[in-house]
Amino acid sequence: MNILSDYPSDSPEHLLHRLYAEQCQFLHISPQAMQQIAVEYHLPVSQVASVVAFYSFFHTKPCGRYHILFSNCTSCGYLTPEHNLMQMLCEQLQVIPGKTRQDGAVSIGETSCIGMCDQGPSLLINGIPLPRLNPERINQIAHHIASEVPVSEWPQNWFAISDNLYQRSLLLTEQLMPGSAVQMALMQGTEATLRKILQSGLRGRGGAGFNTAQKWQSCRTAPGNTRYVVCNADEGEPGTFKDRFLLQRYADALFEGMTICAAVIGASKGILYLRGEYRYMYPHLVEVLERRRKLNLLGQRILGQTAFQFDIDIVVGAGAYICGEESALIESLEGKPGIPRIRPPFPVTHGYLGQPTVVNNVETFIAAAWIALKGNSWFKSVGTKQSSGTKILSISGDCEFPGIYEYPFGTRIQHILEDCHAQNVQAVQMGGPSGKLINARDFDRVISFEDISTGGSMLIFGARHNLLAIHRNFAHFFAHESCGFCTPCRVGTQLLKKQLDNIANGRSTIRDIEEIKQLSSLIQHNSHCGLGHTAANHIIDGLQLFPQVFEQNLQQDFTAQFDLDQALANAEHIAPGDNAAIHLD
């Protein structure tokens, strides 16, 4: 499939697609290519170069024809209690992690969570997910690569992704018939539809919980000639994979919700921003959009309404957790690095291309479609007073049945743990690393905006799990994913990573704990955007709930661990020969 055929180069949001196509052809993006693309898009070369440098899936040096990225998430990661699967494959293929093999055939590295947390250890090979890894599968992968078998000819069952849907409620019980919700919204009128969504109490399902109808109303009445509907499908929070499931099985309901939003706010264009790790879903989503166009549910004169025209494009990201933040996502759509904007103004008044824009996530649009069809009373029939409806959860970690669960707001966490058969649980990370860490004392609390809020994930850690290793993993994640815009986050996350590494290696004292607390507070209160504000949450919670996890490796007094002989050996390696300057008398 020629990914460029549907995306003209005069539209800046599709720069990511052009860069991806270049990399697919040449396995990297050269300085000469950046210059050519800059000319095509009428952009400064510096802007194109900054985009290439910003996104982790773009490379300026050739990667392998077999390009493998192991997920390093705590749930779907390559480090199992028995094996280091990435190391096994590197040894068999004689590859140094992070470097392309000399013959250019293969490169192996790691990446942040790829949304396969319920599928076992997983990797991406040339952008395609391969779940349920084990030593036997690693041996088979190594054999196929050594034999130069094209990935398209590998056994298809290797790539099969299970639904693992265990609990249904309002949104997942049945499939929405294409066009039914849009037809109901048009028949009742946009004012009545907006009022219905307002009365339902629907709040954004991405974690912040802003009132959906109020957001739509603010965009609807904002000054401007053009309005946009944007779906944020960039779920990058480790432990979260519900959007992967929804995009695969409920895409029609998503596009229905976006179309209803367009009718309400007066938009003629929508954009689905799909995270780079989910690029393999692109053909499926394009197929759904094409089918909806044939049914007259997208395009001109939707369902015979002369004044209603609306269509949806898909833009695929390139590996940047920060683009889950709505203003960073908009910057990415505009062909720039995904650096969050200073707010206000907010996207509802100054969003994509400076125009009023609604940004909601996948689950929110699906809920809006069902509310338009079945009514606000139906939606409010479950939940709590302040949190109506249901929440779809990605559950993974130490439980027998990891997967997708939909519960009414107000459901006890203990009830959820029992449903997924989690036993001897010492801790649960709600909402991913940026969310809230809880212990057994909190298991009687409920999921809701007024109690324990979650963007959609539960990471479960049993009694045998090393919580310090979990905190190190989270700290490394935030240090890697910081956009680098502000000093508190850019420097602070690196310092936290180093501090936790030192604790794990037995090179810290009780005084370092106090420094970690101060540093965490500084990052939390002085960072530019939500990533920095929440990057230290897991540490702050961990120090409060599980202080022994951090303290058990501390030294009473610090002893510098410095190997003089090794340092001199390194110096001699750098400056070989009889150089008196590198010797001590």
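## Largest cavity

By class, the lining of the largest cavity holds four nonpolar, five polar and four charged residues. Here Ala, Val, Leu, Ile, Met, Phe, Trp, Tyr, Cys and Pro count as nonpolar, Asp, Glu, Lys and Arg as charged, and the others, Gly among them, as polar. The lining comprises 13 residues, and R275, E277, A320, Y321 and E481 lie nearest the centre of the cavity. A cavity is a set of points, on a 1 Å grid over the protein atoms alone, where a 1.4 Å probe fits but cannot get out; lining residues have an atom within 4 Å of a point.

The largest cavity contains about 90 Å³ of space, and there are four cavities of 30 Å³ or more. Grid points are joined across faces, edges and corners, and a volume is the space filled by probe spheres set on the points.

## Model and numbering

This is a predicted model, in which local features need pLDDT of at least 70 and side-chain atom pairs count only at pLDDT 80 or more, while totals for chains, interfaces and linings use all residues. Residues are numbered from 1 along each chain as its sequence is written, and side-chain values use heavy atoms, with hydrogens and water left out.

## Domains

The protein chain is assigned domain 1 (3–54), domain 2 (66–159), domain 3 (178–380), domain 4 (390–465) and domain 5 (468–551); such bounds come from an automatic or database domain assignment. The centres of domain 1 and domain 2, taken over C-alpha atoms, are separated by 28 Å. Domain 2 and domain 3 each supply at least three residues to the lining of the largest cavity.

## Nonpolar cores

The largest nonpolar core has 113 residues, and Y55, W216, L247, L254 and F255 have the most contacts inside it. Helix 10 (residues 251–265) gives the most to this core, eleven residues. A nonpolar core is a set of buried Ala, Val, Leu, Ile, Met, Phe, Trp, Tyr and Cys residues joined through side-chain atoms within 4.5 Å. Buried means under 20% relative accessible area, exposed over 50%, and partly exposed in between (1.4 Å probe, protein chains only). Helices (H or I, at least four residues) and strands (E, at least two) are DSSP runs, numbered from the N terminus.

Not counting residues up to four places away in sequence, F255 touches L272, L285, V288, L289, R292 and I312; contact means heavy atoms within 4.5 Å. A second, separate core of 25 residues includes C90, I125, A142 and F159.

In helix 6 (residues 180–188), the buried residues are S180, A181, V182 and A185. Their cover includes helix 7 (190–200), helix 10, helix 11 (282–294) and helix 13 (362–374). G189 follows helix 6 and has a positive phi, near 95°.

N360 belongs to strand 9 (residues 357–361) and counts as buried because its relative accessibility is 5%.

## Backbone features

Cis peptide bonds join R343 to P344, with omega about 0°, and P344 to P345, with omega about 5°.

H42, a residue other than glycine, has a positive phi near 55°. H42 sits in the loop between helix 2 (31–41) and helix 3 (45–54) and is exposed at 71% relative accessibility. N424, also other than glycine, has a positive phi near 50°. N424 is placed in the loop between helix 15 (413–419) and strand 12 (425–430) and is exposed, with a relative accessible area of 64%.

Technical notes. On a 1 Å grid over the protein atoms alone, a cavity is a set of points where a 1.4 Å probe fits but cannot get out, and a pocket is an open set with protein on both sides within 12 Å along at least five of seven lines; lining residues have an atom within 4 Å of a point.
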